[in-house]
Amino acid sequence: KAAGGSASNQVHLLEYLEESNLVECAAVWAHPGEVWGVASCPSKSRKDLFFTVWATGEGKSGATLWSLGSGAQASAELKKLLTLDMPANRVLWDPSGLSDSVVVLDDSEQEHIGLSIVSLDSACQSYVVSSQVALSGVQRVAAGAWDPNHSDTVCLGADSSIVKCD
């Protein structure tokens with residue numbers, strides 16, 4: 001079920017119309033799980049890509065990479081490229097848009113709270129977990145940001161602290 005309690009889960013494509021200063025819904029697609037987050041790719045050449053972070057009714061979480069296809073038109077089909085085989089509650093793209101790496105945050109299990117650096121292949125059909133960092137003593141990760149000036153640094157809002165990982 002959707003977070004609002006409805007029976008279906010959806011992803012909406014919103015477009016800002018500069019000439020009228022309005023936001024309109026350009027397309028709606030069904031989504032198989034309860035959507036907990038959306039992370040769009042910052043790269044201008046790959047602006048059709050985004051991750052959804054989702055959860056199932058059985059307590060499983062994950063992240064799926066989608067493509068809007070060419071043109072990102074309202075009639076475009078949403079194409080599932082890959083699903084990361086790991087729990088996730090947030091995905092952070094490299095803010096420079098220059099690499100095919102993402103950081104996956106996970107606080108689903110109290111004994112395994114951490115982040116994983118995931119490298120996507122150029123076609124976004126497969127991935128490799130480059131490294132993992134366990135966050136000992138942390139109970140909840142509420143937010144995260146990849147430093148745009150230092151590609152090897154991620155800051156997390158963890159419990160009541162800010163944690164720097166590099």
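The model is predicted, so local features are kept only at pLDDT of at least 70 and side-chain atom pairs only at pLDDT 80 or more, while totals for chains, interfaces and linings use all residues. Residues are numbered from 1 along each chain as its sequence is written, and side-chain values use heavy atoms, with hydrogens and water left out.

The sheet is open and has four strands in the order β3-β4-β5-β6, with antiparallel pairing. Its edges are β3 (34-40) and β6 (79-84), each of which pairs on one side only. From one strand to the next, the twist averages 25°, with axes being lines fitted to C-alpha atoms and angles running from 0 to 180 degrees between N-to-C directions. Strands here are DSSP runs of E with at least two residues, numbered from the N terminus, and two of them pair if DSSP finds at least two bridges between them. Inside the sheet, β4 (residues 49-55) runs antiparallel to β5 and is joined to β5 by seven bridges; V53 has A63 of β5 as its bridge partner.

Now to β5 itself. S61 sits in this strand, which covers residues 61-67. S61 is buried, at a relative accessible area of 14%; buried means under 20%, exposed over 50% and partly exposed in between, using a 1.4 Å probe and protein chains only. The side chain of S61 reaches the backbone nitrogen of A88 at 3.2 Å. M86 is 25 residues from S61 in sequence, yet the C-alpha to C-alpha distance is 7.8 Å.

T64 is also found in β5 and counts as buried, with 4% relative accessibility. Its side chain makes a polar contact of 2.9 Å with the side chain of W54, and another polar contact, at 3.1 Å, joins the side chains of T64 and T83. A polar contact is a pair of N or O atoms within 3.5 Å; within protein, one must be able to donate a hydrogen and the other to accept it, and residues adjacent in sequence count only if both atoms are side-chain atoms. Leaving aside neighbours within four places in sequence, T64 is in contact (heavy atoms within 4.5 Å) with residues including F50, F51, K80 and L82.

In the hairpin of β12 and β13, two residues lie between the strands, and D159 takes a positive phi near 55°.
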